[in-house]
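Subject: Structure handover

Hello,

Here is the structure I promised. Please open it beside this note.

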Amino acid sequence: MKKKHLVTLSLLLAALAAETSASAVDVSGTTIHIQFQDRQQSAQVDGITVPLESAAQIVEGSFYIPIRWLGQQLGMEVVWHEERRSIGLTTPHAYLEWDLERGTGSVNGTTSALADSAIVQDGTLLVKLSAIAPYMGVKYTFTPQPSRVDLTYVSPTDSAYRESVYTEDTQPNSRPITVFATDKASYRLGEPIHYIDLSYDPDAEGLPEYRWKGKEDAFFKPGTYPVTLEARDRHGNWSKPYTRLIHVTNESYLSEAEFPWYASPAGSLIRSQTEAWQQAAEQAHPLTSLLTQSAYRERVVSGENPAVRETGLLNKQTVHGYSRLVSHHINELGKTVELKTLVYNPDTSKSRTLRMTSQGEATPTLLHRTVAKEAVTDFMTQPKAGQEIKIGPGKTVALDSYKLEPGQGMASFKDIETDGPVQIGMVAAEENEFVQDLQFYPEPAPLTKEQEDALRVSEIRMDVIEPLKNLKNVSKWSVDHKPVSDLGTLYSIHYNDPLPTAIAMHVKDGYADGVLKVDGVVVPLPQGGLTDHDGAFLVVRTTGLESSVHIDWMAAPGSSSQVEWILYPLQKK
């Protein structure tokens with residue numbers, strides 16, 4: 001008999017070492033029902049079929065159970081003790097240990113022959129149910145036809161009112177209670193799991209910290225997965241662990257590649273190295289759309305090359321009516337510089353009125369590379385402005401002024417309206433240097449036709465007109481090429497009567513940051529923006545019940561890449 005134990009010892013060691021022992025399960029009074037049948041390779045756990053590592057079986061009139069598997073189901077710790085080369089089980093009423101090398105078993109240190117309570121079958125320790133039931137606190141009944149055992153276990157209810165070890169607390173403080181549920185008894189492969197948190201603090205002081213172990217949004221291999229939750233109150237007391245077993249069948253719902261498109265929340269990244277992204281990128285075809293470029297509001301851009309290395313006129317442009325002023329500059333002069341936006345009225349007989357309708361700015365800072373996004377964020381989200389400025393005949397007025405120390409940068413977005421033609425220019429001057437009226441500065445180099453055409457456009461809108469049959473496949477859309485300057489350009493996607501679709505954005509080559517809005521609501525990008533190595537950023541998921549979905553995107557200063565839009569159709573599951 002001892003030789004047989006030694007032969008199977010290595011198998012048991014491998015099985016125990018391959019899986020970290022389960023932490024104690026505190027299910028606070030939860031009842032677990034398990035049914036075993038003689039020599040059947042699975043058991044029923046609360047009505048769910050769960051595979052066994054080795055079949056339970058009747059030997060000489062006694063029912064033997066795989067102890068590691070049962071301990072895991074009931075949340076009792078089964079461990080391999082390398083120093084003693086034995087298997088230990090901690091139960092509510094005793095500590096049991098089986099020494100396979102010596103062929104002995106013990107209960108709280110009292111030793112008996114191993115054969116009295118256990119056998120080894122195919123590398124698995126099977127323990128006599130009648131021998132361990134009193135210590136594990138389980139009740140069972142045996143039915144001879146067919147030969148089966150029905151086992152019931154009610155976990156002990158934790159005591160919430162243990163006094164705190166918090167030294168400065170003059171009142172007894174209870175420990176938190178962690179409890180959670182799931183929305184289903186079992187799940188298919190790749191089916192989203194919804195965890196329902198029922199935890200509470202008996203002292204009603206809140207639970208500032210949670211600690212999960214084993215929690216996944218879905219599992220992609222069949223099996224039983226323990227998920228454990230602990231919580232801490234504000235005094236530092238941790239709850240006892242609460243574990244629930246997640247049962248996953250072999251029926252498929254979503255693959256790992258499909259899952260993020262169907263289940264991840266808006267604002268999630270579908271990483272470029274994942275199968276989900278690679279599959280979508282390979283399958284995407286150009287989307288048929290109606291493209292509209294709006295010249296309703298001309299753009300005045302100062303800072304396409306943002307470095308300021310000399311004083312003087314940086315930019316000048318004549319506007320009439322609706323315009324968008326965009327400035328982005330970094331002081332590389334090595335000394336303090338003042339930047340001023342000047343407005344000149346060339347009409348010597350009539351005053352002009354300038355009305356500012358929207359604005360946003362990032363004030364001078366050394367952290368301009370990270371905070372330039374603030375300017376476009378304010379511009380896209382803040383209430384409309386209503387400031388008016390009068391410019392007398394032949395006069396120049398300062399619309400704004402920024403003082404930049406060496407290395408500092410700034411950014412500014414403004415929508416304006418004028419009742420006649422005016423000239424707008426950005427001037428850089430040394431500190432306390434006299435700033436001339438705009439008309440006295442030398443004219444800058446004229447814009448190329450390509451630059452003029454690009455600056456006339458302030459909004460590019462794409463309306464999805466793809467035939468419904470084609471939207472069963474992954475599609476993508478982007479501007480054919482990056483304009484000479486797209487600072488301040490609003491990109492929009494409009495989709496009427498959308499099918500169930502996941503819509504994502506992807507940086508094509510380089511880096512992009514900015515403001516993204518879906519039906520008027522901002523969807524925050526990851527801190528620091530996106531690169532072409534990040535994969536796809538999930539913007540919105542439509543259900544097919546919406547009348548339309550509208551997306552707005554404006555890049556922040558410093559962005560170096562265009563983005564493309566991916567439409568991933570969602571099949572009914």
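This is a predicted model: local features need pLDDT of at least 70, side-chain atom pairs count only at pLDDT 80 or more; totals for chains, interfaces and linings use all residues.

Residues are numbered from 1 along each chain as its sequence is written, and side-chain values use heavy atoms, without hydrogens and water.

Whole chain

The chain holds 8 helices and 44 strands. These are DSSP runs, numbered from the N terminus: helices are H or I, at least four residues, and strands are E, at least two. The radius of gyration is 35 Å, well over the 25 Å that the globule rule gives for 573 residues, so the chain is more spread out than a compact globule. That radius is taken over C-alpha atoms, and the rule is 2.2 Å times the number of residues to the power 0.38. Along the principal axes, the C-alpha atoms fill a box of roughly 115 × 65 × 40 Å. Of the 573 residues, 50% are buried (under 20% relative accessible area, with exposed over 50% and partly exposed in between; 1.4 Å probe, protein chains only).

Helix H5

H5 spans residues 275–283, and its buried residues are Ala-276, Trp-277 and Ala-280. Down the axis they fall within an arc of 90°, so they line one face of the helix. The arc uses directions from the helix axis to the C-beta atoms. Glu-275 and Glu-282 are exposed on the face turned away from the buried side.

Best wishes
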